[in-house]
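Reader: I am new to this structure. Could you walk me through how to read it?

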Amino acid sequence: MDSICHKSKAEIADGPRRLGRRGEDGSALLAVFWAIIVLSMAIGGWFLWLQERVKAYGEETRAVEALAMAHSGVAMAMNPKVDRFSSLLTAELGDGMGYRVEIEGEAGRMNLRWVLEGEDKTRLHIFKQWLEFVMGIELEDRDRLVDCLLDYVDADNNARLNGQEDGQNYHPANRMIQSLDELKRIPGMGPLLAVPGWRDWLTLNSKDKIDLVEAPEEVLKLLPGFGDAMVARWLQVRAGMDGVLHTEDDPKYVEAEQVRAALGMNPTAWKKLEPLVTAGEQTIRIKSEGHSGKVVRQVEVVVRKGAGTPQILSWTE
């Protein structure tokens, strides 16, 4: 009886130890399960990270390919024998890669350097008319804009009536404008910069004068001796038989005298117009869009073509 009691007491005494061991075994098992879960999550996270890296690498590769395609389009367009009508301006090279190029004449835009150099009264008058009637700028704002531009580029420090010269918070460059971005820091430019797409109307890169082949109707109407009836006739002539400008049936003009002959303009009217115009100017704007898969990259280049190597005047990606 004592032994039974003794045994029972021993077993009773050993019970907590067994329960402790069972608790320890359960905790260890739980720790293993937890470790497996954490490891699975880590592996899953690593796999997702790897997928994202592969995807990003693929997109980066596509971006490089798309940019290379855009550059290929520019190189093709710069070839002296390639014009805006060439079938070579569009290409699909396989694996979802290719390019599409548009070419436009730069001399159809208003050239600020041509306007401002020498302060020629006739050119400045055309520019003022352009600001007022094409850009929709009020007379007072127009006069301030022009005077501020002239003060910015001239060599002296004498402010014009509506202009602004050197002051505490403003210092004009006293040189010709080198970039259209400079307009943002010149006083009086606000009304022009507020016009949507103002950059598309301006250039600093054409050789000089206004190209009669490229200029829009709004600019043609500002030219002296080029009245509404003459402009309407010229728009019809330069568009060719199909009536659409910049198609293959357009007459090819390489000098302004050919335009005079085509219109039969009298010598008096031509004498006023000739110093201001040209035709077939070789400065062009190339807009090249390259693609690889769904990734698209664009390059815009202004180039002056000629008999030799084309001269790159600006390059934007």
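This is a predicted model: local features need pLDDT of at least 70, side-chain atom pairs count only at pLDDT 80 or more; totals for chains, interfaces and linings use all residues.

Reader: How many helices and strands does the protein have?

Author: Helices (H or I, at least four residues) and strands (E, at least two) are DSSP runs, numbered from the N terminus. Here there are nine helices and nine strands.

Reader: Is glutamate 106 buried or exposed?

Author: Buried means under 20% relative accessible area, exposed over 50%, and partly exposed in between (1.4 Å probe, protein chains only). Glutamate 106 has a relative accessible area of 0%, so it is buried. It sits in the loop between strand 2 (97-105) and strand 3 (110-111). Of the protein's 317 residues, 35% count as buried.

Reader: Which residues is glutamate 106 in contact with, leaving aside its neighbours within four places in sequence?

Author: Contact means heavy atoms within 4.5 Å. The partners of glutamate 106 beyond those neighbours include Thr203, Asn205, Arg285 and Val302.

Reader: And glutamate 248, is that one buried or exposed?

Author: Glutamate 248 is exposed, because its relative accessible area is 61%. Its place is the loop between helix 7 (228-238) and helix 8 (256-263).

Note on methods
Residues are numbered from 1 along each chain as its sequence is written. Side-chain values use heavy atoms; hydrogens and water are left out.
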